Amino acid sequence: MATRQPDLVLITWSRNPLVRGSARRIISVRIIGNAEPCRPSLRPNGLLDTALACLLDNDIGFKVVFRKKTSRISGYLLLQRH
């Protein structure tokens, strides 16, 4: 019997540099496996906070395994669910 592989979600995000305190917006998403029921919130130009609220919900089960800010206004996150 094969073991189930973890679900992975890689999110690239950015803020508007011209607006102080602007929200982090999703630039791109790569999903390996399944991201249901959060898939609708994982869209370009969507709010990162909305997507994370869904993914990190205890019932959904994703955890942030890596995060990196690539500049003051951008970065990426890798989330995993077993």
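Start by selecting Arg4 and Asp7: their side chains meet in a salt bridge, 3.5 Å from N to O. This is a predicted model. Arginine 4 counts as exposed, at 60% relative accessibility. Aspartate 7 is buried, with a relative accessible area of 4%.

Arginine 81 sits in strand 4 and aspartate 7 in strand 1, so the pair ties together parts 74 residues apart in sequence. Arginine 81 is buried, as is aspartate 7.

Next, select Asp49 and Arg24. Their side chains meet in a salt bridge of 3.0 Å, N to O. Aspartate 49 belongs to helix 1 and arginine 24 to the loop between strand 1 and strand 2, so this pair links parts 25 residues apart in sequence. Arginine 24 is partly exposed, at 23% relative accessibility. The structure holds three salt bridges. Shared partners join Arg4, Asp7 and Arg81 into one network.

Move to helix 1, residues 48-55. Select its buried residues: Leu48, Ala51, Leu52 and Leu55.

Now show the largest nonpolar core, which has 15 residues. Val9, Ile11, Leu42, Leu48, Leu55, Phe62 and Leu79 touch the most other members. Strand 1, helix 1 and strand 4 each give two or more residues. Helix 1 supplies the largest share, four residues.

Finish on Leu79. Beyond its neighbours within four places in sequence, its contacts include Val9, Ile11, Leu52, Leu55 and Phe62.

Definitions and conventions. Residues numbered from 1 in each chain as written. Predicted model: local features only at pLDDT ≥ 70, side-chain atom pairs only at ≥ 80, totals over all residues. Heavy atoms only, no water. Buried < 20%, exposed > 50% of the residue type's maximum accessible area, 1.4 Å probe, protein only. Core = buried A, V, L, I, M, F, W, Y, C linked by side-chain atoms within 4.5 Å. Contact = heavy atoms within 4.5 Å. Salt bridge = Lys/Arg side-chain N within 4 Å of Asp/Glu carboxyl O.
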